[in-house]
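Please work through the following exercises with the sequence and the coordinates at hand.

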Amino acid sequence: MRRLADEPPSVCSHCVAVFYTGLDGYSCYRIPSIIHTSRGTLLAFAERRATSCGDDGDHALVLKRSVDGGSNWGPTIVVRQGEPPCDGCPAAISNPNPVEVALADGSMAVVRLPFASLEVACTQPPCCLLC
């Protein structure tokens with residue numbers, strides 16, 4: 001099992017940290033979720049928070065993949081970067097909830113990623129409550 005230099009010590013001998021403070025130079029990762037696809041791939045999602053673990057600030061939804069049952073994980077991939085909906089509003093994007101959906105004919109499955117976002121076209125209250 002490969003351990004990265006900045007990876008925190010594991011809480012157990014067979015554990016692998018997927019998201020942790022300082023990974024890729026970012027302050028915080030929150031709201032992790034993981035899905036085991038029908039092809040056997042593990043997909044781990046989380047909110048990446050740039051400057052703090054607070055709800056305000058620069059957020060992105062990120063993904064890491066494992067094809068060996070979680071022993072090793074690929075690089076962090078940005079799935080969606082949060083965009084500030086107005087001046088002074090946070091670029092919050094949150095709560096990744098991956099789900100695998102099989103097509104009706106059974107030919108393949110796709111992973112859908114519902115999430116919450118403050119990204120709206122409106123720049124004034126009431127649509128942008130944090131403006």
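The exercises below concern the fold, the disulfide and the surface.

This is a predicted model, in which local features need pLDDT of at least 70, side-chain atom pairs count only at pLDDT 80 or more, and totals for chains, interfaces and linings use all residues. Residues are numbered from 1 along each chain as its sequence is written, and side-chain values use heavy atoms, with hydrogens and water left out.

**Exercise 1.** Determine how many helices and strands the protein chain has.

Solution. Helices (H or I, at least four residues) and strands (E, at least two) are DSSP runs, numbered from the N terminus. The protein chain contains zero helices and eight strands. Along the sequence, the pattern reads β-β-β-β-β-β-β-β.

**Exercise 2.** Identify which cysteines form a disulfide, and describe the link.

Solution. The criterion is a pair of cysteine sulfur atoms within 2.5 Å. The link of C28 and C53 is right-handed, with 105 degrees about the S-S bond. Because C28 belongs to strand β1 (residues 28–36) and C53 to the loop between β2 (42–49) and β3 (59–66), the pair ties together parts 25 residues apart in sequence.

**Exercise 3.** Classify C28 and C53 by accessibility.

Solution. Buried means under 20% relative accessible area, exposed over 50%, and partly exposed in between (1.4 Å probe, protein chains only). C28, at 3% relative accessibility, is therefore buried. C53, at 39%, is partly exposed. Across the protein chain, buried residues account for 32% of the 131 residues.
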